[in-house]
Amino acid sequence: WDNYSLNNTYELKLMAGRLTIQNNYQMIIDVMGKIDLHSLNTKEHIDLNYWLANALLQTGEYAKAKDLILENMDLAVDDRFHFLLAMTYESQGYINKALEEYIEFSKQFPKSDYKAAALIKARILGRH
């Protein structure tokens with residue numbers, strides 16, 4: 001990540017995507033911890049917080065991920081955070097809450113790229 005500028009949000013998003021593909025979530029958390037995300041405009045703030053929330057979820061820091069997700073859901077309507085919230089509930093073992101969130105997600109975001117995944121997850125969780 002030394003090749004990336006911490007002041008260039010475009011580069012940071014690229015880096016976060018590459019690190020996600022490599023399953024290097026801790027590096028995302030470390031890098032995002034060096035940035036004052038609140039000083040960014042709303043779109044940049046939300047985009048980088050999505051990568052951070054996902055990394056927190058993937059490393060098992062469910063409470064931190066959930067808090068960050070809910071904070072960003074208050075800022076803007078964004079399908080990615082709603083899907084992450086459902087995944088967080090599922091990872092925590094809150095099956096009914098996850099199921100509700102997946103179903104609500106599919107209704108609220110009918111054109112989302114994640115809709116099919118949400119419906120599949122809801123169907124699987126509904127069988128438990």
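This is a predicted model: local features need pLDDT of at least 70, side-chain atom pairs count only at pLDDT 80 or more; totals for chains, interfaces and linings use all residues.
**Helix 3 as a whole**
- At the start of the helix, Asn41 points a side-chain oxygen to within 3.1 Å of the backbone nitrogen of Lys43.
- Just after helix 3 comes Gly60, and Gly60 takes a positive phi of about 85°.

- His45 has a relative accessibility of 6%, and because buried means under 20%, His45 counts as buried.
- Skipping its neighbours within four places in sequence, His45 is in contact with Leu37, His38, Leu40, Glu71, Asn72 and Leu75.
- Asn49 also lies in helix 3, and at 3% relative accessibility Asn49 counts as buried.
- If you leave out residues up to four places away in sequence, Asn49 touches Leu37, Leu68, Asn72 and Phe81.
- Glu44 is found in helix 3 too, but Glu44 is partly exposed, with a relative accessible area of 23%.
- The side chain of Glu44 makes a polar contact with the side chain of Thr9, at 2.9 Å.
- Glu44 and Lys13 sit 31 residues apart in sequence, while their C-alpha atoms are 9.1 Å apart in space.

- In soluble globular proteins, nonpolar side chains tend to be buried together.
- Here, the largest nonpolar core has 39 residues, and those with the most contacts inside it are Ile28, Met32, Leu52, Ile69, Phe81, Leu84 and Tyr102.
- Two or more residues of this core come from each of these elements: helix 1 (9–21), helix 2 (25–32), helix 3 (42–58), helix 4 (62–75), helix 5 (79–92), helix 6 (95–108) and helix 7 (115–126).
- Which helix gives the largest share of this core? That would be helix 3, with nine residues.
- Take a look at Phe81: not counting residues up to four places away in sequence, Phe81 touches Ile46, Asn49, Tyr50, Ala53, Ile69, Asn72 and Met73.

**Aromatic rings**
- How many aromatic pairs does a search of the whole structure find? The search finds six of them.
- One to look up is Phe105 with Phe109: the ring centres are 5.3 Å apart and the planes are at 40°, so this pair is tilted.
- Phe105 is buried, with a relative accessible area of 1%, and Phe109 also counts as buried, at 11% relative accessibility.
- Ring pairs join Phe105 and Phe109 into a cluster with Phe83, Tyr102 and Tyr114.

**Charges over rings**
- Arg80 lies over the face of Tyr50, 4.8 Å from the ring centre.
- Lys97 has its charged end over the ring of Tyr94, 5.8 Å from the centre of that ring.

Methods: Residues are numbered from 1 along each chain as its sequence is written. Side-chain values use heavy atoms; hydrogens and water are left out. A nonpolar core is a set of buried Ala, Val, Leu, Ile, Met, Phe, Trp, Tyr and Cys residues joined through side-chain atoms within 4.5 Å. Buried means under 20% relative accessible area, exposed over 50%, partly exposed in between (1.4 Å probe, protein chains only). Helices (H or I, at least four residues) and strands (E, at least two) are DSSP runs, numbered from the N terminus. Contact means heavy atoms within 4.5 Å. Rings of Phe, Tyr and Trp (its six-membered ring) pair if their centres lie within 6.5 Å; planes under 30 degrees apart count as stacked, over 60 as edge-to-face and the rest as tilted. A charge sits over a ring if NZ of Lys or CZ of Arg is within 6 Å of the ring centre and within 35 degrees of the ring normal. A polar contact is a pair of N or O atoms within 3.5 Å; within protein, one must be able to donate a hydrogen and the other to accept it, and residues adjacent in sequence count only if both atoms are side-chain atoms.
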